[in-house]
Amino acid sequence: MTFEGGRASSREWNSGAHQSISQGKPRVASPAKAGGGRPEAEILYRMGSNVRLRREQQIPLGPHELYFTNLSKQKQKRVMEKNGNNRKLRVCVATCNRADYSKLAPIMFGIKTEPQFFELDVVVLGSHLIDDYGNTYRMIEQDDFDIHTRLHTIVRGEDEAAMVESVGLALVKLPDVLNRLKPDIMIVHGDRFDALALATSAALMNIRILHIEGGEVSGTIDDSIRHAITKLAHYHVCCTRSAEQHLISMCEDHDRILLAGCPSYDKLLSAKNKDYMSIILMWLGEDVKPKDYIIALQHPVTTDIKHSIKMFELTLDALISFNKRTLVLFPNIDAGSKEMVRVMRKKGVEHHPNFRAVKHVPFDQFIQLVAHAGCMIGNSSCGVREVGAFGTPVINLGTRQIGRETGENVLHVRDADTQDKILQALHLQFGKQYPCSKIYGDGNAVPRILKFLKSIDLQEPLQKKFCFPSVKENISQDIDHILETQSALAVDLGGTNLRVAIVSMKGEIVKKYTQLNPKTYEDRIQLILKMCVEAASEAVNLNCRILGVGISTGGRVNPREGVVLHSTKLIQEWNTVDLRTPISDVLHLPVWVDNDGNCAALAERKFGQGKGVENFVTLITGTGIGGGIIHQNELIHGSSFCAAELGHIVVSLDGPECLCGSHGCIEAYASGIALQREAKKLHDAEDLLLTGGMSVMKEEAVTAAHLIQAAKLGNTKADHIVKTAGRALGLGIVNILHTINPSLVILSGILASHYINTVKDVIHQQALFSVQNVKVVVSELSDPALLGAASMVLDYTTRRIY
C-alpha cells in the first residue's frame, strides 16, 4: 500500500485487495494451520467480540496488521504533529437505520480499538428509535458503544411529505448537537434522506465530512441523494472501481477518494464457517434445513409508490405459491412502507405457516441466514451487494437497484408485473450455488479507512476543490495505470508440472510458481489451493489486484460449470472434478476453467498473433497434440465440449495406436510421446539413433529431443520420422482448412518450429487451391496455457456490463 502527500493513493484497493484470501477462509496448508495454529474465528479482523478475544488470549497481530501498522507509523506521526500537539482526531459517526449501521459498525470498532489516535462520538437518529422498526438502537448498545445523543427525527406518516418533514426536523435538531460535540470529521453513510440532513448540517457548520459508498448507482431517488451528499462531502470512501470513476467524473478531487471496499465485507467474508443451525432454528423453526428457505426483503420505491406496492403484493402471492419457508423482513421507513405493511397483513403473512415476519434481525445473524438461504428475493441493496459474498442466489425485483454492479448470482426481474414471472424466477434460482463475488470488497476495508482518517491534515483548507476536466487535456493515463495493475491468477495443470502465475492485463507474467503435479486427486487439489493462496498473498506486495482465477487443464472440460469431465491418461484421478467450487470458496474469487488447447487459442486471441483475427486455429505440439478454434471472434466448444480435439483427427487408417485407443491420429505421429516411442525403437535396434558424437547415459531416458537432435546431425532415419510426423500434422491441418476455412493457423508448443516447413509443404501439395495461401505461423508466446487461462479472467471481468 502507498500513502502519498497526505492522502491515500487510489492504488489502495489494488495493493491490499487479497489480504483476505488468507483471512476470510481457513488458510490452506499454511504453517499456522498445519501446526495446529489458532482457529479461524481468532484471526478475524479486529471487530466486536473478536477484538476482546485477541486481547484476552494475547494473540499477536497477523501479517496484514503488522504491515499496515509499520507502513503507517511515520505518516501518522507527521500528521498528528502537524494537527497540533498529537491531538486525537475527534470522529462523529451518525447512524440512521439498521442498514447503515451494518456498514458503519466495522469502522466504529476499528476506531474504538485505536484510542491513541481517535475519539469516537456516536449519534443515533432516524428509524433506529422507532418501535415499529425494531428499536434498533439497542444493537448499538449491545455492541458496547456509548451513544452520545439520541435524536427523534422521524415524522410519522410514511409518505413523501413525511420524508421532507423528517429532513427538516433533523436540520433543526442537529446544529445544537454538533455545536456541543465539535467533531473534526463526521462519517456519513449512503443515500438515505436522514444522511442528507446530516451532511447538510455538517457542511454548513464547517465540519469535514467523510462519505461512505459514494459514486454508486442504483436507479431511484437514492441516486440523487447520494450524489448530493457527495458534493457536500470533503472525503470519499468508495467500494468499487466503477464508483471511484463516477466520483472522478463528478469532479471530486482524486486525492481525497479512497477505494477501500465495503466495510461490511470485513465481516461477511469470515462469517460463513460459524455456527448457523441455531440461528436458522431461532428465526425459521425446527423443520427448516440450510438452502431450503427464502429471505424476502422489499422496500417501497419512492418515485413510483403504487407500482412498488403492487409488485410487493405479487411477490407475496408468488412466495405463497412456491410453498417454501420464508423469512419476511418489514420494509424500511420510506414513503409507501405503511401500505406495504398493510399488504402483508391483508395476505395473512404474519400468521401463515410458511412465513416468519420480523421487524429486524441482528446483522451477525442476518448474514448467517442469507449465507445459507436457498434464495433471497426483493429489492434491497443487501441482495445485490452483500449476498454476493456467499454466492447465494438473488432475485432482484423492479428498478430500485437497477444500476448496481452485481455478481452472476443476481437474476433481475425488471418488469415484475405478473405473479408467474416472479414464480418462474424462484424456480430458476432457488437452491443454486454461485461462485463467491468480491465486487464490493475483499475483507480489508476498515484498515484502509483508518489509515485514510489518520492521514487527514486538519490544517488544510476546509473549502472543497472540484477537479473540472480540461477540454484539451487527455486524462486517459489514469485509466491506463489502473488497467496495468489489474491481474489474474492463472493455473496450468500439465501432465508433469502444476504451474500458477500472476498475469497482468498486458500479458506480462509478473511471477510464476512451479511444482510437480501430484498423482492423486486429494494431493493435487490441496497443492492448487496452497499455491493459489500464496500467489494471491504475494500479489499484494507486487501491487496487483487479482480479478479472478483461470485454470487450464488437459481433457474435456465443461467451462459453464467449471468441471473436468474426462481427463487425458497423463493426469490420473481427474474425471468429473469440480474445480470452480473449492477454489472459489477459499479465495472468494470467480473461477474459470477450460481445456488447455482452448486456452492456447484464447491466449493468441488476446496477446498473440491471433489478436484482431476473426477466424483462426491454434494447434499445440507438445507431449500431446491439442488445439482451439476461434470462429467469428468466439471460442468454439461444441455441443458436448469436445470441439477442437485436433490431435485426434485420423490421417491414416492403419497408422500407429494412439492413447485414445484409435489408430492413425495426428497425436500418434506428431506428439512428443510418439516421437519418444520412435526414438526408443531406433535406439534399441542396434543403436541406430545416436550419431555425430551424440551419447545417452546408461540411466538416461531416450526422449523426443534426442530424435530431433539426431535428425539435425544427419541421421536419415531420425529425419524421416520427424518429417513423417510433420506430414501427418500437415494432413490434419489440411482437413481443418477444408472444414472451417480459417485465415490463420498458429502452431504452438516446443515442436512447432520443427514442423512448420513440412506443414507448409503439405498444404501446398494437398490442400484445395482456395486455401493454399493460408498463413501458417509459429506462436511467439512463451506460456500460452497460462496466458490463455488469464485471458478468461481478464476479458470477462473487464468487459462485463450489468
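In helix 17 (residues 419–429), the buried residues are Ile422, Leu423, Ala425, Leu426 and Gln429; buried means under 20% relative accessible area, exposed over 50%, and partly exposed in between, with a 1.4 Å probe and protein chains only. Helices (H or I, at least four residues) and strands (E, at least two) are DSSP runs numbered from the N terminus. Looking down the axis of helix 17, the buried residues fall within an arc of 155°, so they line one face of the helix; the arc is that of the directions from the helix axis to the C-beta atoms. On the other side of helix 17, His427 and Leu428 are exposed.

This is a predicted model, in which local features need pLDDT of at least 70 and side-chain atom pairs count only at pLDDT 80 or more, while totals for chains, interfaces and linings use all residues. Residues are numbered from 1 along each chain as its sequence is written, and side-chain values use heavy atoms, with hydrogens and water left out.

What do the buried residues of helix 17 pack against? Their partners are strand 10 (293–297), helix 13, strand 13 (375–378), strand 14 (394–397) and strand 15 (410–413). Just after helix 17, Gly431 takes a positive phi of about 85°.

In soluble globular proteins, nonpolar side chains tend to be buried together. A nonpolar core here is a set of buried Ala, Val, Leu, Ile, Met, Phe, Trp, Tyr and Cys residues joined through side-chain atoms within 4.5 Å. The largest such core has 61 residues, and Ile377 and Leu426 touch the most other members. Helix 13 gives the most to this core, with nine residues. A second, separate core of 42 residues includes Leu646, Ala670, Met694 and Val696.

Let us look at Ile377 itself. Leaving aside neighbours within four places in sequence, Ile377 is in contact (heavy atoms within 4.5 Å) with residues including Ile294, Leu319, Ile395, Ile422 and Leu426.

Lys324 sits in the loop between helix 13 (305–322) and strand 11 (325–329). Lys324 counts as partly exposed because its relative accessibility is 25%. The side chain of Lys324 makes a polar contact with the side chain of Asp292 at 2.8 Å; such a contact is a pair of N or O atoms within 3.5 Å, where within protein one must be able to donate a hydrogen and the other to accept it, and residues adjacent in sequence count only if both atoms are side-chain atoms. Asn354 is 30 residues from Lys324 along the chain, yet their C-alpha atoms are separated by 6.3 Å.

An open sheet has five strands in the order 26-25-24-27-28, with mixed pairing; two strands pair if DSSP finds at least two bridges between them. Strand 26 (634–635) and strand 28 (775–778) are the edge strands, each pairing on one side only. Strand 27 (residues 744–748) pairs with strand 28 in the parallel sense over four bridges, and Ile746 has Val777 of strand 28 as its bridge partner.

Helix 26 (residues 716–740) packs on the sheet, touching strand 24 (616–621), strand 25 (625–631) and strand 27, and its direction makes about 160° with that of strand 24. Axes are lines fitted to C-alpha atoms, for helices over the stretch in contact, and angles run from 0 to 180 degrees between N-to-C directions. Helix 27 (residues 752–766) lies across strand 24, strand 27 and strand 28, at about 170° to strand 28.
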